[in-house]
Amino acid sequence: MKTYFPSWLQHTVILLLWGLVYYLSGLISLKFDDPGSAIAIVWFPSGVAVAAFLSARWRDYPALILIFALTSVVLDEAWQSLPLFLTTLGYSLLAMPANVIIAWLVRRFSRPNDDLHVILLWICTTFIVSLFDALIVGGGYALLTEQPIEKTIWNGFVADVTGIFFATTVVMGFVNKRGQQAALTWSTRLAGLALLLLVCVATVFIFGYQGHWLKTEGAALYFALSCLPIVLTMMLSLIWGNRGGSIGLIALGAIVIHFTDKHQGPFFLRGLSFTESMLLALSYLSATALLIVFIRVLRRSTTRFNPDTGRLAGNGVLYRLEPETGVFSWENDLSSLLGSTTPQEFDTVENVLRHVHPSDREKLRQHWLAPVQNRHRPLIFRLKAKDDEWLTLVDSGGRCYVERRHADHCRKLAGQPLRSGYLSMDVMTF
């Protein structure tokens, strides 16, 4: 028997969970804190915030911004003094727009069903926005507090970029529930568990090594061995899917952070300062995260197309709609997207709208029933599946034409204006 909670309560719990993840990632980031710098050298909460803004509805942005800003105050222990509280809260609020802008640009300009475009847009946007954020916010902070401006700007830029690349990849691996499912068999689960143990053992050995031979006589080999955990984590992502990749990144990151904090590992070599070694470790984690992201892209692209039809397999369906009557003609099996369905459930606009989230019904009605001469951008909406799960879909319709010849079941529409489109899962590939 299912227990149903009010939607407002579920919504509140989700927002608070984002705040909790933000807080925990902040505690981990403080492990990298450099006492000689006013800004942490890495800030994983930036990546958590970007993941939240990528996943949340637009109307949740104000609440998330406030929750994240207050959490930053708690992390800084500024709540003990009112002047310090207000100062830290103001700085935290100023740091939020960069995360919002990154998520907005990715959601606004990404092309549906083009995973590589989404990832490249995310990477470029992160670099550019983080640079401007470091110049404006970090530079302003350095001038007000009389800190070294170049060091403050550089540390702020590195903290944002490394934090976003690593934390966003980890969080989106759990949030993206619509990705290809993995670990369906016991053999796959055991193979993935063995790989996870290998990741942990290899990383502990390499970063916790306290001998002298590898650090002196075999320094090049010692540095090269650090690639082994990356390879094992990539293999884990292939076997266990998105969540497996995120679990592997968490294990790898936790071990690297632990030993790096103790000044151990292949990046603490002679001739390198503490900050330089830390930057190498952070670059190591960020590069691993980006490789995992591209593995996810390749993994989805190899299973996405049906070699017989050349169409997207299991990710969406094509439709034709007559705006005057509101009658749909689905070209693919709709059950591949929504589960078991009957033809009558989705044969007209009104029947489809019964399954759409109440907040999205009117905009979807206008999108579908507008005059065929109008062109529309892709529209994102929520639809309830058979298991009562709200699926987030994207309608890339709006391409209009005049039908001349068509299949038998649509021949009566010949010569009449139709609207065609493609309905698919709104999946962020991270």
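Let's start with Arg365, which forms a salt bridge with Glu350, their closest N and O atoms sitting 2.5 Å apart. This pair links distant parts of the chain, with Arg365 in helix H14 (residues 361-369) and Glu350 in helix H13 (residues 349-353), 15 residues apart. Keep in mind that this is a predicted model. The count of salt bridges comes to five.

**More on the salt bridges**

- Arg365 also pairs with Glu362, and here the closest N and O atoms are 3.6 Å apart.
- Glu362 and Arg365 are about one helical turn apart, because they are three residues apart in helix H14.
- Arg365 is partly exposed, at 26% relative accessible area, and Glu350 is partly exposed too, at 40%.
- Arg382 and Asp360 meet in another salt bridge, at 3.0 Å from N to O.
- That pair also ties together distant parts of the chain: Arg382 is in strand E3 (residues 379-384), while Asp360 is in the loop between H13 and H14, 22 residues away.
- Both Arg382 and Asp360 are buried.

**How H6 and H10 cross**

- Helix H6 (residues 149-175) and helix H10 (residues 227-261) have axes that come within 7 Å and cross at roughly 140 degrees, which means H6 is oblique to H10.
- The crossing is left-handed.
- Among the residues making the contact are Phe166 and Phe174 of H6, plus Ile247 and Leu249 of H10.
- Sorted by type, the contact residues are six nonpolar, five polar and one charged.

**A look at Ser237**

- Beyond its neighbours within four places in sequence, Ser237 is in contact with Gly245, Ile292, Ile295, Arg296 and Arg299.

Conventions
Residues numbered from 1 in each chain as written. Predicted model: local features only at pLDDT ≥ 70, side-chain atom pairs only at ≥ 80, totals over all residues. Heavy atoms only, no water. Axes fitted to C-alpha atoms, helices over the stretch in contact; angles between N-to-C directions. Helix = DSSP H or I, 4+ residues; strand = E, 2+ residues; numbered from the N terminus. Parallel < 35°, antiparallel > 145°, perpendicular 65-115°, else oblique. Left-handed = near helix turned anticlockwise from the far one by under 90°. Contact = heavy atoms within 4.5 Å. Nonpolar A, V, L, I, M, F, W, Y, C, P; charged D, E, K, R; others polar. Salt bridge = Lys/Arg side-chain N within 4 Å of Asp/Glu carboxyl O. Buried < 20%, exposed > 50% of the residue type's maximum accessible area, 1.4 Å probe, protein only.
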